[in-house]
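Visitor: I have the model open and would like to go through it. Can we begin with a pocket?

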Amino acid sequence: MPTRGKKRVQIGGKRTCFDYALLFIIIFLTLFGLVMLYSASSYEASIKGLGATYYLKKQALASSIGIAAMAVVTMIDYRVWKRFALAGYLISIVLILLVLTPLGIEYNGAKRWIGVGSFSFQPAEFAKLAVIIFLAFVISKIGAEGLSRFRNVVLLLLLAGVIAGLLAVVTSNLSSALIVFGIAFVMLFVASPKVRYFLLMGAAGVGAVAAFIVFGDGFRMSRIQAWLDPEGSSLDTAYQTLQGLYAIGSGGLTGKGLGNSVQKLGFVPEAQNDFIFTIICEELGLFGAVSVIVIFAFMLFRFHAISKNAPDLFGSMLLVGILAHIAIQVVLNIAVVTNSIPNTGVTLPFISYGGTSVVFLMIEMGLALSVSRQTWAR
């Protein structure tokens with residue numbers, strides 16, 4: 001049934017469906033993420049003299065802010081955000097360009113943040129949300145008929161490509177660029193009746209990414225070589241990949257037990273970030289890893305159900321964009337840590353360390369719940 005997992009609420013004499021199942025998943029993943037973050041980061045924080053709970057406290061604060069933002073966005077009619085679609089798109093461009101100014105912050109050799117004092121902000125996370133809202137608005141305006149024209153599809157992909165290109169060039173953040181473009185591709189593929197357009201553009205996109213890697217600065221190609229032969233590479237990412245694989249392999253079926261990871265003790269660099277899934281595998285085993293994947297799959301199912309029953313095309317496309325974002329990021333993260341694809345530095349949603357990421361993920365969840373709240377029970 002389309003309304004399974006939803007509770008019917010009486011509003012204005014009409015019954016609506018609020019997706020409590022999705023809300024439960026969000027809260028569970030957030031709490032689970034905090035537990036795993038503490039387990040993965042306490043040792044590193046301690047040896048840096050920051051205190052064992054340093055990363056936990058920062059993430060808990062960001063999660064609290066995110067949950068508050070989610071609650072506010074949930075109560076606002078999602079149609080309101082149509083008014084800010086173009087502004088959000090333009091602001092995301094400005095924020096990315098600010099990385100080139102003195103406000104730009106460099107960390108681990110990458111300049112991807114802007115900030116003042118102790119406050120820092122990653123424009124890529126805002127850009128993902130902005131692209132989802134902007135494309136949902138434009139698609140709802142032109143409809144399937146408009147997307148049956150090849151030039152309209154190409155134009156919208158180019159508009160998303162502007163954001164993706166700036167992220168790749170200005171911030172050297174190819175992973176976020178791929179996620180932004182992937183979100184746009186999925187949204188347009190779902191909305192457009194012309195499948196053949198996307199087969200052609202998909203092939204062209206793969207070729208463009210390959211050309212960017214081959215003819216780029218050489219660093220991308222070195223990552224490809226490290227992926228193909230991690231044991232024979234001297235690149236730091238190859239070392240991280242190998243240690244992550246050791247963690248996954250040593251976890252076995254049931255794991256070593258929560259908090260008992262060995263690889264987090266200085267072997268997997270910054271285990272609380274991109275490679276936190278390897279610590280989950282080591283401590284909770286195959287059972288824990290598969291459970292996390294199943295929970296994400298159920299979250300995607302709820303997004304699909306809300307999208308299918310949304311009151312209008314704008315709401316439906318918002319959910320498609322959010323679904324695409326979470327799905328792409330989860331798949332890329334797990335593929336990276338299992339060395340199925342080259343290391344791209346993608347975080348695991350709700351679980352990896354990152355304040356900006358969790359705040360904007362919560363805002364996206366608020367949008368999804370807002371659409372659910374406006375969906376008439378059937």
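Guide: The second largest pocket is lined by Val 73, Trp 81, Phe 84, Ala 85, Gly 88, Phe 126, Leu 129, Ala 130, Ile 133, Ile 363 and Leu 367. On a 1 Å grid over the protein atoms alone, a pocket is an open set of points where a 1.4 Å probe fits, with protein on both sides within 12 Å along at least five of seven lines, and lining residues have an atom within 4 Å of a point. This is a predicted model, in which local features need pLDDT of at least 70 and side-chain atom pairs count only at pLDDT 80 or more, while totals for chains, interfaces and linings use all residues. Residues are numbered from 1 along each chain as its sequence is written, and side-chain values use heavy atoms, with hydrogens and water left out.

Visitor: What volume does the second largest pocket have?

Guide: About 180 Å³, where volume is the space filled by probe spheres set on the grid points, joined across faces, edges and corners.

Visitor: Which helix gives the most to the lining?

Guide: α4, with four residues. At least two lining residues come from each of α3 (85-97), α4 (123-147) and α12 (355-373). Helices here are DSSP runs of H or I with at least four residues, strands are E runs of at least two, and both are numbered from the N terminus.

Visitor: How do the lining residues divide into nonpolar, polar and charged?

Guide: Ten are nonpolar, one is polar and none is charged. Ala, Val, Leu, Ile, Met, Phe, Trp, Tyr, Cys and Pro count as nonpolar, Asp, Glu, Lys and Arg as charged, and the others, Gly among them, as polar.

Visitor: Phe 126 is on that lining list. Which residue does Phe 126 pair with? Buried or exposed?

Guide: Phe 126 is buried, with a relative accessible area of 18%; buried means under 20%, exposed over 50% and partly exposed in between, with a 1.4 Å probe and protein chains only. Phe 126 and Phe 360 form an edge-to-face aromatic pair, 5.8 Å centre to centre with 85° between the planes. Rings of Phe, Tyr and Trp (its six-membered ring) pair if their centres lie within 6.5 Å; planes under 30 degrees apart count as stacked, over 60 as edge-to-face and the rest as tilted. Phe 126 sits in α4 and Phe 360 in α12, 234 residues apart. Phe 360 is also buried, at 11%.

Visitor: How many aromatic pairs does the structure hold?

Guide: Eleven. In one of them, Tyr 78 and Phe 314 have ring centres 6.0 Å apart and planes at 20°, so the pair is stacked. Tyr 78 is in the loop between α2 (54-75) and α3, and Phe 314 is in α11 (313-337), 236 residues away. Separately, Phe 24, Phe 28 and Phe 32 form one aromatic cluster.

Visitor: On to the core. How many residues has the largest nonpolar core?

Guide: It has 96 residues, and Met 299, Ile 326 and Phe 350 have the most contacts inside it. The largest share, 14 residues, comes from α4. A nonpolar core is a set of buried Ala, Val, Leu, Ile, Met, Phe, Trp, Tyr and Cys residues joined through side-chain atoms within 4.5 Å.

Visitor: What is Met 299 in contact with?

Guide: Leaving aside neighbours within four places in sequence, Met 299 contacts Leu 22, Ile 25, Ile 26, Leu 29, Ile 326, Phe 350 and Met 365. Contact means heavy atoms within 4.5 Å.

Visitor: And the chain overall, how many helices and strands?

Guide: Twelve helices and five strands. Of the 378 residues, 51% are buried.
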